[in-house]
Amino acid sequence: MNATEPPRPNVTAPGERPTQDPGVRVLNPKNRVPLSLIIDDSTCLVNLAHFCIPQFAEVFPDRYRQDWRALPREIPDSFVREFGEWCHENGVKGKYSIVPYPACVGWVDREMPGWSKEALDESLNLVRTLMTPDWDIHPEMISHTWVIDTRTGRPYPERTSRFMENWDWTAGRSVDEMADYLSYALRLLHNVGLPCEGITTPGGFGNQALPELAQGTLQACRAVYQAEIPHYFRHLYTDDRSVSPRVEYASGLAGSSPECVVSIIGCTGDWFGGWDGLTPGSVDQFITADLQCGRLPEVIARSEPAILVCHWPGIYFNGEKVGFHIFQEVVRRLRARYDNLIWMKLSEIARYWAARELTGIERRGQAIHLQAPFGTPNFTLETTGPAASVTLVSGGAPQPLRQVQKPLDLAAGTWLQLDGKCVACFDLIRGESVLQVS
Ligand SMILES: [Zn+2]
């Protein structure tokens with residue numbers, strides 16, 4: 001490289017986009033605002049905070065002075081069960097990390113020194129049975145601390161931020177190098193039968209190589225899991241920037257093997273209990289007691305997905321469950337104020353946004369022709385002008401949609417007259433569909 005050559009821009013590309021008729025608008029699923037909870041730094045049994053702090057402190061002795069010895073080494077499965085059951089009863093969904101080689105303590109697919117093999121197997125089984133119905137499982141790279149040499153499975157000997165997953169290692173990596181590293185992490189989860197369609201970046205992982213991160217995610221999730229729509233969590237914004245998911249590197253939309261990767265964006269900081277389980281947060285930052293202010297009402301008012309971000313050690317808070325109690329109150333306040341929210345997994349949000357942005361929409365008289373490279377449940381369209389009947393033709397016989405009167409009754413297979421417009425909701429299949437509006 002010569003000195004005058006400009007650096008590669010560190011921005012991702014959207015890729016292809018189809019033509020979409022300006023008179024037809026894709027709304028949120030069921031015309032509701034998606035919610036989701038991102039849980040970082042979780043794994044089986046190991047309290048990542050206890051084990052990672054001394055490793056971070058080796059590189060940054062001034063910044064990691066927490067008394068890690070005072071933190072429990074375990075976050076018990078009894079708490080996973082309590083949390084998972086409460087979330088299920090309350091309809092909460094989101095993403096739950098399983099760091100596969102947490103802080104180099106042990107391998108989820110082999111041995112977790114400090115715990116019996118039986119305890120590890122039971123812990124994995126709890127994730128499979130209790131968590132996976134409501135939560136996407138992500139690796140948060142391999143160790144969340146030292147970078148692993150994927151040829152040997154050992155951490156590199158150099159003890160600097162260049163060889164920590166959280167800091168500088170990804171700078172200058174190629175797409176192939178990134179895909180190799182992510183694939184390694186994904187295979188460990190695959191070995192223990194956990195489903196996976198996306199990845200979470202530990203700390204600053206990928207920040208200096210955003211295009212390579214996105215494309216590496218696409219390659220790795222496709223290669224290891226044959227995921228149709230890979231997604232990743234890298235960004236969170238708490239300012240005025242949009243937090244709508246970004247559909248990136250879309251290609252082959254007209255062919256038989258369309259591709260894209262979706263960047264899911266968080267809209268809050270960890271205002272629960274912090275990554276170390278030592279920093280109590282506050283409910284009011286999410287939504288105030290009078291239900292009027294806070295970050296969530298702000299994002300919900302924009303109709304963008306409100307995706308909350310927390311860390312598992314802060315939810316457990318060393319047994320005091322401070323983060324969990326904050327989350328429970330957030331859910332209670334949201335329910336007190338809103339009836340138009342819909343909890344979704346990140347993979348469901350990614351799928352919806354891929355369909356929303358990549359479906360070709362063409363109006364020919366009373367027929368709206370849809371060309372969808374990806375299908376999704378609860379696809380919701382708004383068209384100008386009133387209607388008397390709406391019929392969906394996709395694959396088999398035409399199916400008339402049922403008219404409903406109230407926005408809350410909108411579900412797949414129904415339509416609604418709303419402010420002089422027609423809003424129709426249906427399960428969009430991959431390929432061609434026609435919506436007849438008359
Ligand atoms: Zn993390």
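**Helices, zinc site and pockets of the predicted model**

In helix 4, the buried residues are covered by elements that include strand 4, strand 5, strand 7 (198-200) and helix 5. The buried residues in question are Met178, Ala179, Tyr181, Leu182, Ser183, Tyr184, Ala185, Leu186, Leu188 and Leu189. Just after helix 4, glycine 193 adopts a positive phi of about 70°.

Helix 1 (48-59) can be described in a similar way. Its twelve residues should span 16 Å at 1.5 Å a residue, and the end C-alpha atoms lie 17 Å apart, which agrees. Ten of these twelve residues are buried, so helix 1 is largely enclosed by the rest of the structure. The buried set consists of Leu48, Ala49, His50, Phe51, Cys52, Ile53, Gln55, Phe56, Ala57 and Val59, and the buried residues of helix 1 pack against helix 8 (312-316).

The zinc ion has as its protein donors Asp41 through OD, Glu140 through OE and His144 through NE2, at 1.9 to 2.2 Å from the ion. Along the chain, the donors follow the spacing D-x98-E-x3-H. Aspartate 41 is placed in the loop between strand 2 (33-40) and helix 1, whereas histidine 144 is placed in the loop between strand 4 (135-138) and strand 5 (148-149), so the pair ties together parts that are 103 residues apart in sequence. Both of these residues fall below the cut-off of 20% relative accessible area under which a residue is counted as buried. For aspartate 41 the relative accessibility is 5%, and for histidine 144 the relative accessible area is 4%.

The largest pocket has a volume of about 350 Å³, and among the 21 residues that line it, Asp40, Thr201, Pro202, Gly203 and His311 are the closest to its centre. Helix 1, strand 8 (231-236) and strand 11 (306-311) each supply at least two residues of this lining, and the largest share, three residues, comes from strand 8. When the lining of the largest pocket is divided by class, nine residues are nonpolar, seven are polar and five are charged.

The second largest pocket has a volume of about 280 Å³. Its lining is made up of 15 residues, of which Arg25, Leu27, Asn28, Asn31 and Ser303 lie nearest its centre. Helix 10 (residues 346-358) provides the largest share of the lining of the second largest pocket, three residues. By class, the lining of the second largest pocket has four nonpolar, five polar and six charged residues.

Several residues in loops were also examined. Glycine 106 is found in the loop between strand 3 (94-97) and helix 3 (117-131), where it is buried, with a relative accessible area of 3%. Apart from its neighbours within four places in sequence, glycine 106 is in contact with Pro100, Tyr101, Glu111, Met112 and Pro113. Asparagine 31, one of the residues that lie nearest the centre of the second largest pocket, is 75 residues from glycine 106 in sequence and 45 Å from it in space, C-alpha to C-alpha.

With a relative accessibility of 26%, asparagine 318 counts as partly exposed, a class that lies between the limits of under 20% for buried and over 50% for exposed residues.

Terms used
Residues are numbered from 1 along each chain as its sequence is written. This is a predicted model: local features need pLDDT of at least 70, side-chain atom pairs count only at pLDDT 80 or more; totals for chains, interfaces and linings use all residues. Side-chain values use heavy atoms; hydrogens and water are left out. On a 1 Å grid over the protein atoms alone, a cavity is a set of points where a 1.4 Å probe fits but cannot get out, and a pocket is an open set with protein on both sides within 12 Å along at least five of seven lines; lining residues have an atom within 4 Å of a point. Grid points are joined across faces, edges and corners, and a volume is the space filled by probe spheres set on the points. Helices (H or I, at least four residues) and strands (E, at least two) are DSSP runs, numbered from the N terminus. Ala, Val, Leu, Ile, Met, Phe, Trp, Tyr, Cys and Pro count as nonpolar, Asp, Glu, Lys and Arg as charged, and the others, Gly among them, as polar. Donors are N, O and S atoms within 2.8 Å of the metal (3.2 Å for Na, K and Ca); water is not among the atoms, so sites may look incomplete. Buried means under 20% relative accessible area, exposed over 50%, partly exposed in between (1.4 Å probe, protein chains only). The expected span of a helix is 1.5 Å times one less than its number of residues. Contact means heavy atoms within 4.5 Å.
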